[in-house]
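Subject: Structure handover

Hello,

Here is the structure I promised to pass on. Please open it first, then read my notes below.

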Amino acid sequence: MTDRTSIETARGISGVEVSLGHALVVVSGLSEEAWGQRMLEALGALKDADHSIDFLKVSSSGFSFVVPESQASSARDALCAAGFDAVVKEGRAILIVRAPNIRDESGLVARIAQLVVRSGATIEQVGDMHSSVQVVVEAAKVERAASVLRDCIGMVEIL
Amino acid sequence: MRIKVMKFGGTSVADQESRMLAARKVAEAVENGFSPVVVVSAIGRAGMPYATDTLLNLLTEVDPLVPPEPREVDLMLCCGEIMSTCVFAQTLKSLGYPASAMTGGQAGIITDETHGNARIVEIQPHDVLKVLEKGRIPVVCGFQGRSLSKDGSSYGEITTLGRGGSDTTASALAAALAAEAVEIYTDVDGVKTADPDFVPDAPTLRQMTYDEVAEIAHQGAKVIHPRAAEIAMKFGIPLFVRSTFSDDPGTEVVPGEGFEHRRATGVTHTGKLVYLEFEAAFGPDKAALESKVYELMADYRINLFMLNVHPHSFGFAVPRKQLPRVKEILDGLVIPLVDGEPRTYIVQVGRAGSPEVAAQEQMLKGLSGFGEIRKCVARLTENCTMVSLIAHEFLQQPGIYYRVFECLLGANINILQTSDSPLSISVLVPENDCGRAVALLHEEFDLASQT
């Protein structure tokens with residue numbers, strides 16, 4: 001039992017990590033009319049080839065996702081064999097920005113995105129969970145972005 | 001001394017009958033050899049006379065054009081919990097258990113100075129301990145504390161802890177008192193695999209990890225606040241979510257180590273979102289426009305969901321209640337770019353341009369120095385909701401997205417966007433399909449057998 005206890009994690013960014021070795025796969029040319037059917041065919045092809053995918057994002061004409069770099073060619077081949085136009089962008093990294101309770105920190109996701117773009121990196125996808133935001137960027141620019149974000153650790157004034 | 005912190009939410013203290021049931025839970029803990037510390041929320045929920053929202057309305061209704069100061073909002077809101085502690089302490093006394101009502105400040109809850117969303121920086125539990133040592137039950141106001149002055153020399157203002165603040169109070173007190181457990185009492189049996197409004201037979205999860213409970217709350221379930229789970233996790237305190245109105249054992253929240261993962265835990269929904277997709281012939285200007293839009297969303301504290309980037313567009317969802325603010329900020333926004341050939345973008349929110357956008361365009365065309373005037377249209381998809389499958393480590397299995405898409409598209413539910421994290425997969429669907437989407441995913445991932 002203590003008399004004075006440090007209790008909560010400070011708000012804002014509390015840590016930044018980098019995960020290297022990822023690739024972005026971009027599929028284009030889906031027609032709007034048969035979008036659902038084609039999405040299922042594409043996801044089915046990836047499932048049959050035993051690929052687990054992350055950061056799936058859809059648009060009216062295609063979709064993109066992230067896989068480990070070592071599996072990118074195989075994922076592309078599976079999609080091409082199923083009749084899809086898939087392009088692999090290798091050399092991607094995931095920035096993991098630790099930020100507890102981001103739903104309570106209105107504007108924090110936007111601020112993190114702004115800082116990443118301002119660092120010169122292009123955001124290729126974003127995901128979030130209760131304690132972090134994950135941002136996919138080019139590996140060549142990830143350290144600069146990480147450095148900009150690390151400068152904000154512990155800054156309550158970030159918002 | 002075997003300390004247990006027991007927190008009772010608004011519905012558990014809403015009326016004398018409920019308070020008596022809650023008080024009997026406390027009495028039972030005493031009879032079982034515990035020294036309970038009770039934390040209570042304000043009495044009742046929105047619309048009831050002493051509920052937090054009712055008190056807030058008393059202030060805001062004075063003059064809608066004069067917003068109350070955050071300091072006075074906190075003072076006002078604290079009254080709800082203060083009344084509740086006094087009434088609950090009196091209820092315990094009526095059962096023969098001596099009790100002492102305490103404000104958050106009296107209980108030693110010290111916060112930063114952020115009114116309305118303060119963070120607990122430390123707990124000084126000596127006064128709570130003194131009450132316990134006297135054989136009395138401390139009944140502490142949830143959701144509130146007192147701030148330390150900037151130089152740390154004195155205690156300043158009454159503060160409130162923001163959303164889920166009473167849960168946070170309970171976990172924080174449990175941490176400071178080295179309690180054996182913290183129990184969050186509510187009006188449901190524990191954490192359900194889905195909203196019973198959509199899945200009436202959704203079972204109660206008997207065990208889940210701190211991460212899962214925090215994520216399930218993050219994705220919309222209103223069970224326990226992630227801050228409370230985070231504190232319990234940090235200090236290794238067993239956390240339980242139970243019902244005041246039954247003897248069900250409820251949900252035990254445990255550390256992740258050694259826990260059986262690779263399972264789906266639940267399906268949640270976060271209602272009432274609007275998706276904005278920004279489209280333009282951006283070319284190399286996309287980064288500059290993205291940066292400006294994100295900057296403004298951050299400056300005006302807009303909550304972004306499902307951020308999504310494509311080579312020729314970017315987008316995100318915002319809560320519907322924030323859409324008027326977003327329109328106010330972005331519609332007609334002029335973004336001049338001066339590197340190289342000057343060109344200027346005007347943001348238009350919605351397919352049909354507002355008079356504001358037309359006026360800006362007209363004015364800019366009449367001025368020199370702005371170069372080519374281009375439009376960046378934010379296409380709106382209204383009436384959406386986000387449905388999330390919470391699944392720790394499960395998502396690494398191939399074919400999970402296929403199952404989600406097959407399940408929803410097969411039922412003619414349109415998937416407007418997706419998002420994922422190591423703990424969840426989320427889909428944006430039309431609001432009208434929310435209930436069906438929750439029920440279908442619940443069935444697809446066999447959550448009825450998941451306890």
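A residue is called buried here if 20 or more other C-beta atoms lie within 10 Å of its own. By that count, buried residues make up 52% of the 159 residues in chain A. Please keep in mind that this is a predicted model.

Chain A overall

The C-alpha atoms of chain A fill a box of roughly 65 × 30 × 30 Å along the principal axes. Chain A has four helices and six strands. Starting at the N terminus, its elements follow the order β-α-β-β-α-β-α-β-β-α. Take the contacts in chain A with a separation of 6 or more: 74% of them join residues 24 or more positions apart.

The sheet

Six strands of chain A form an open sheet. Its order is β2-β3-β1-β4-β6-β5, and the pairing is antiparallel. The edge strands are β2 (54-59) and β5 of chain A, each of which pairs on one side only. From one strand to the next, the twist averages 25°.

Look at one pair in detail. Strand β1 (residues 15-28) of chain A runs antiparallel to β4(A), and eleven bridges link the two.

Helix α3 of chain A

How many of the eleven residues of α3 (108-118) in chain A are buried? Ten are, so the helix is mostly covered by the cut-off of 20 or more C-beta atoms within 10 Å. Among the buried residues are A:Leu108, A:Arg111, A:Gln114 and A:Val117.

What do the buried residues of α3(A) pack against? Within chain A, the partners are β4 (85-98), β5 (125-129), β6 (132-138) and α4 (139-150). After the helix comes A:Gly120, with a positive phi near 105°.

Domains of chain A

Chain A is divided into domain 1 (15-19 + 92-153) and domain 2 (22-90). Their C-alpha centres lie 24 Å apart. Eight residues of domain 1 of chain A are in contact with eight residues of domain 2 of chain A. On the domain 1 side, β4 and β5 of chain A each give two or more residues. β4(A) gives the most, with three. By class, that side of domain 1 of chain A has three nonpolar, three polar and two charged residues.

Domains of chain B

Chain B is assigned domain 1 (3-258) and domain 2 (260-451). The centres of these two domains of chain B, taken over C-alpha atoms, are separated by 34 Å. Their contact takes 20 residues from domain 1 of chain B and 20 residues from domain 2 of chain B. On the domain 1 side, the elements giving two or more residues are β10 (207-209) and α6 (210-218) of chain B. α6(B) gives the most, with four residues. That side of domain 1 of chain B has nine nonpolar, five polar and six charged residues.

Best wishes

How values were computed
Residues are numbered from 1 along each chain as its sequence is written. Chains are lettered from A and ligands numbered from 1 in the order in which they are written. This is a predicted model: local features need pLDDT of at least 70, side-chain atom pairs count only at pLDDT 80 or more; totals for chains, interfaces and linings use all residues. A residue is buried if 20 or more other C-beta atoms lie within 10 Å of its own, exposed if 12 or fewer, and partly exposed in between; C-beta atoms are placed from the backbone. Two residues are in contact if their C-beta atoms, placed from the backbone, lie within 7 Å. Domain bounds come from an automatic or database domain assignment. Ala, Val, Leu, Ile, Met, Phe, Trp, Tyr, Cys and Pro count as nonpolar, Asp, Glu, Lys and Arg as charged, and the others, Gly among them, as polar. Two strands pair if DSSP finds at least two bridges between them. Axes are lines fitted to C-alpha atoms, for helices over the stretch in contact, and angles run from 0 to 180 degrees between N-to-C directions.
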